[in-house]
Amino acid sequence: MKHFILTEAQADGVRGETSVSAALDPRPLANGTEWALPLSVATDPAHAMRHAFLGSLPIRDLGPADWPADPEA
């Protein structure tokens, strides 16, 4: 699945409410240095205030190995 890739600072900058009942919450990747948001947020009108910034970010296909291990597994 395609995701926007963010640094920790970028993730902190976009995290939070974007409209009533909508927020962005980037997830950390297993490498410990990058964060990700699904590409779908770029077309969601609820996140319109962040669309221009998101469009400047790199995009990468992420799979199960890219995410931290589930401590419950």
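This report covers the sheet, the nonpolar cores and selected side-chain contacts of a predicted model.

## Basis

Local features in this predicted model need pLDDT of at least 70, side-chain atom pairs count only at pLDDT 80 or more, and totals for chains, interfaces and linings use all residues. Residues are numbered from 1 along each chain as its sequence is written, and side-chain values use heavy atoms, with hydrogens and water left out.

## Sheet

Four strands form an open sheet in the order β4-β5-β1-β6, with antiparallel pairing. Strands (E, at least two residues) and helices (H or I, at least four) are DSSP runs, numbered from the N terminus. Two strands pair if DSSP finds at least two bridges between them. The edges are β4 and β6 (59-61), each pairing on one side only.

Strand β1 (residues 2-6) pairs with β5 (residues 35-38) over four bridges, in the antiparallel sense. Here H3 stands opposite P38. Strand β4 (residues 27-28) pairs with β5 over two bridges, again antiparallel. R27 has A36 as its bridge partner in β5. The hairpin of β4 and β5 has six residues between the strands, and G32 takes a positive phi near 80° there.

## Nonpolar cores

A nonpolar core is a set of buried Ala, Val, Leu, Ile, Met, Phe, Trp, Tyr and Cys residues joined through side-chain atoms within 4.5 Å. Buried means under 20% relative accessible area (1.4 Å probe, protein chains only). The largest core has 10 residues: F4, L6, A11, V14, L24, W35, L37, V41, L54 and L57. β1, α1 (8-14) and β5 each give two or more residues to this core. Apart from it lies another core, of five residues, including I5, L29, L62 and W67.

Core member L24 touches V14, R15, G16, T18, L37, V41, H47 and R50, leaving out residues up to four places away in sequence. Contact means heavy atoms within 4.5 Å.

## Charges over rings

Two arginines sit over tryptophan rings. The cut-offs are NZ of Lys or CZ of Arg within 6 Å of the ring centre and within 35 degrees of the ring normal. The charged end of R15 is 5.3 Å from the ring centre of W35. R27 lies over the face of W67, at 4.1 Å from the ring centre.

## E34 in the loop

E34 belongs to the loop between β4 and β5. Its side chain makes a polar contact of 2.7 Å with that of N31. Such a contact is a pair of N or O atoms within 3.5 Å; within protein, one must be able to donate a hydrogen and the other to accept it, and residues adjacent in sequence count only if both atoms are side-chain atoms. Beyond neighbours within four places in sequence, E34 contacts I5, L6, R27, P28, L29 and R60.

Conventions: Buried < 20%, exposed > 50% of the residue type's maximum accessible area, 1.4 Å probe, protein only.
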